[in-house]
Amino acid sequence: MKILLILLIAFAYSDYISAVSFLDFMSTKMTEFASTISSSFSTLKTRVKKYFLNQIVGSDIDPGLANIYYNIGEARSKYTFSDFVEKVAAESETDVLEYASYKSEPTALMSTPQLAILHGRRVESHVIQTEDGYLLTLHRLQPVFGTNVTSVNETVFLHHGLLGSSADWIFLGLKDSLPYILSNMGYDVWLANARGNYYSRGHMSIRVDSLRFWKFTWHEMGQYDLLAAVDYIRQLKNMSKPINYIGHSMGATALLVLLSSKPQYNKYFRIGILLAPLAFMTNTKGPLRVLTHMSKDPPQTLLRAIGKGEFIPSRKIPKWLVTKYCTGHMLFCSNPLFFLTGGVLEKEWNSSFIGRVLYHVPAGGSTDTILHYAQLVKSGKFHQYNDQTSEYPLNKVTLPIVLFSSNGDQLASVSDVLRLYFSIGNPIDHYVIQKSNFRHTDFIWGSEATSLVFVKILDYLENGINWNLFKINEVL
């Protein structure tokens, strides 16, 4: 301002300075000044973004990959859950007209954090990096308002099942969802999201739309994803106390892979509670058995139907498969998860719940993951992908483990789970749900999950490792 005032005075008392030249001079200087300010702020903005992206990953980024990850982070921030669902569900709606009517349900297009807010709770999102470069999101349930975080004594890690996500655990709402029940009791609750689902679609160097991104099975989830999550939580909390683990379906598989392949991690857990675990699958029924003879070298015709990289990217089972292998309601049979698990008892669901489930499930996964399970059905063994001779040494799983199964589950049969019980090193109990219509997904969002499953889980968390007189439940 002082310089501008001096120039104005000089202009007023000088006969040699024209108004036009003076204004041209001032315009040039002001333009240069504005350009400098704009450039400085742009540079600062870029540096701040890169800094916080580096911090959120929780590890150093290779300078050569910094720009790649920066672009991934920016794209993810503009790509909401509802955008994702509406895009991939569009094709399904053309064949199953009833499907589209559920989009208007209030919770259908809500993400896990949004659902939690609707329930009066909040979650933190933690992005972690695996050893092989995948970027995963962990959701951590914040304690009830007014609760002193330092008073939380135990950590519970919940891992979703096949084609699921962290949202699966809170479909039942504030009163009946397991994470809320555990949080209200003082547990520090963490929810996993396996590679390939909506919340974990990032990589340091591989594009999500490339086939290479989808070259994984549940083996990598145990070897890399779960390992990275455990290390991250332990480091973040600076704790030495072991973690309580609750895994449903594929979440159970991942834990068995980790503990049998890296036995040193047994000491990092206090107890494992496995709901409908998928390991031995000799007696699995339904459409998954159809894939067994083609699971090691699938023909191109099959891959065109189910996906070469992502499993059913359209979220819709081809109609010819539905009509041949599913006898239930077309609305649910066309859903990849319900097609594989044997459908649902839709009469127990209201329209809001149906909309919530249909638009959240499936959350994404790889075709190789499904084919790996199909290989287990064929071989009768628990082994690595495309290699029956490389069986996982389950005797090295020394963590105290509780197993849940159900007479109505066509994926994790009672007899196969019983075989798992006798294969692991330190089983506590095999608890059987004595209901013929209790399905694979009912363990986490069934109408009776709270009374039949969650109450028992709380008992095991509190007393499990101290109970030495358990007997395997009689199967009626």
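**View 1. Strand S6 and the way its side chains point.** Look at strand S6, where Ile243, Tyr245 and Gly247 point one way while Asn244, Ile246 and His248 point the other, and all are buried. Buried here means under 20% relative accessible area, with exposed being over 50% and partly exposed in between (1.4 Å probe, protein chains only). In a regular strand, side chains alternate between the two faces of the sheet. Since 6 of the 6 residues of S6 (residues 243-248) are buried, the strand is largely enclosed by the rest of the structure. Strands (E, at least two residues) and helices (H or I, at least four) are DSSP runs, numbered from the N terminus. Keep in mind that this is a predicted model, in which local features need pLDDT of at least 70 and side-chain atom pairs count only at pLDDT 80 or more, while totals for chains, interfaces and linings use all residues. Residues are numbered from 1 along each chain as its sequence is written, and side-chain values use heavy atoms, with hydrogens and water left out.

**View 2. The neighbours of S6.** Strand S3 (residues 155-159) runs parallel to S6, joined by 4 bridges; Val156 has Asn244 as its bridge partner in S6. Two strands count as paired if DSSP finds at least two bridges between them. S6 also pairs with strand S7 (residues 269-275), again in the parallel sense, over 6 bridges, and here Gly247 has Leu274 as its partner in S7. To get from S6 to S7, the chain passes through helix H10 (residues 250-261), a right-handed β-α-β crossover. Right-handed means that, with the strands pointing away from the viewer, the path from the first strand over the helix to the second runs clockwise.

**View 3. Helix H16, wrapped up by its surroundings.** H16 (residues 367-379) has 13 residues and reaches 19 Å from its first C-alpha to its last, close to the 18 Å expected at 1.5 Å a residue. That expected span is 1.5 Å times one less than the number of residues. With 12 of its 13 residues buried, H16 is largely enclosed by the rest of the structure. The buried residues, including Ile370, Leu371 and Tyr373, pack against H10 and S9 (387-391), among others. Contact means heavy atoms within 4.5 Å.

**View 4. Salt bridges across the chain.** The structure holds 10 salt bridges, each a side-chain nitrogen of Lys or Arg within 4 Å of a carboxyl oxygen of Asp or Glu. One of them joins Arg140 to Asp188, with the closest N and O atoms 2.9 Å apart. Arg140 sits in strand S2 (residues 134-141) and Asp188 in strand S4 (residues 188-191), 48 residues apart, and both are buried. Glu310 and Arg201 make another, at 2.6 Å from N to O. Glu310 is in the loop between H11 and H12 (319-325) and Arg201 in the loop between S4 and S5 (202-203), so the pair ties together parts 109 residues apart in sequence.

**View 5. Where to read with care.** The protein averages a pLDDT of 81, and 74% of the residues score at least 70; pLDDT is the predictor's confidence in each residue, from 0 to 100. Over residues 90-94 the pLDDT is below 50, and beyond near neighbours in sequence this stretch has 9 contacts in the model. Where pLDDT is low, the predicted coordinates should not be read in detail.
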